Amino acid sequence: MYLYKYFDHQWTDEYRRPFIVKVDGEIAGFALIMLDVPKELMKLSTSQKTNVISDFFIMRKYRRKGVGRHVAYSLFEMFTGTWEIRQTLANKSAYTFWK
């Protein structure tokens, strides 16, 4: 069980898209994204509209196998445009993921 303040909004807000990640039919994680967010609401992007990964999680047993990278790149191809991706300072593994 993963708590997320805006979980219910993933299915009601038009600009949000939830994705379940599966590997060989098993749930391996999820990605919650927002599309075409106006620049006034962005911290870094100066584009008129920016896509955002608001939450991204891959279960430990699927990490370091390219699953997360494949999912992220698939999302970037599916929804072209400017992306803003941030992570908390405490999430050290996220920093190495994006290198």
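Is Met 34 buried or exposed? Met 34 is buried, with a relative accessible area of 17%; buried means under 20%, exposed over 50%, and partly exposed in between (1.4 Å probe, protein chains only). This is a predicted model, in which local features need pLDDT of at least 70 and side-chain atom pairs count only at pLDDT 80 or more, while totals for chains, interfaces and linings use all residues. Residues are numbered from 1 along each chain as its sequence is written, and side-chain values use heavy atoms, with hydrogens and water left out.

**Overall layout**

- The protein has 2 helices and 4 strands. Helices (H or I, at least four residues) and strands (E, at least two) are DSSP runs, numbered from the N terminus.
- The order of elements from the N terminus is β-β-β-α-β-α.
- Of the 99 residues, 30% count as buried.
- Take the contacts between residues at least 6 apart in sequence: 45% of them join residues at least 24 apart. Contact means heavy atoms within 4.5 Å.

**Met 34 in strand β2**

- Met 34 is found in strand β2.
- Leaving out residues up to four places away in sequence, Met 34 touches Tyr 15, Arg 16, Thr 50, Asn 51, Val 52 and Ser 54.
- Asp 55 lies 21 residues from Met 34 in sequence, and their C-alpha atoms are 9.7 Å apart.

**Nonpolar core**

- The largest nonpolar core has 13 residues. Such a core is a set of buried Ala, Val, Leu, Ile, Met, Phe, Trp, Tyr and Cys residues joined through side-chain atoms within 4.5 Å.
- Val 21, Ile 33, Val 67, Leu 75, Phe 79 and Trp 83 have the most contacts inside this core.
- At least two core residues come from each of β2 (26-38), β3 (49-58) and α1. Strand β2 gives the largest share, 4 residues.
- Leu 75 touches Phe 19, Ala 31, Ile 33 and Trp 83, not counting residues up to four places away in sequence.

**Helix α1**

- Helix α1 (residues 67-78) has 12 residues and should span 16 Å at 1.5 Å a residue. The expected span is 1.5 Å times one less than the number of residues. The end C-alpha atoms of α1 are 16 Å apart, which agrees.
- Val 67, Gly 68, Val 71, Ala 72 and Leu 75 are buried in α1. Seen down the axis, the buried residues of α1 fall within an arc of 130 degrees, so they line one face of the helix. The arc is that of the directions from the helix axis to the C-beta atoms.
- Exposed residues His 70 and Glu 77 sit on the face of α1 turned away from its buried side.

**Aromatic residues**

- There are 4 aromatic pairs. Rings of Phe, Tyr and Trp (its six-membered ring) pair if their centres lie within 6.5 Å; planes under 30 degrees apart count as stacked, over 60 as edge-to-face and the rest as tilted.
- Tyr 73 and Phe 76 form a tilted pair, 6.1 Å centre to centre with 40 degrees between the planes.
- Both residues of the pair, Tyr 73 and Phe 76, lie in α1, 3 residues apart, about one turn of the helix.
- Tyr 73 is partly exposed at 45% relative accessible area, and Phe 76 is partly exposed at 21%.
- Tyr 73, Phe 76 and Trp 83 form one aromatic cluster.

**Glu 84 in strand β4**

- Glu 84 is found in strand β4 (residues 83-84). Glu 84 is buried, with a relative accessible area of 4%.
- A polar atom of the Glu 84 side chain lies 2.7 Å from the backbone nitrogen of Ser 45.
- Beyond its neighbours within four places in sequence, Glu 84 contacts residues including Met 42, Lys 43, Leu 44 and Ser 45.

Key. Polar contact = N/O pair within 3.5 Å; in protein donor to acceptor, adjacent residues only side chain to side chain.
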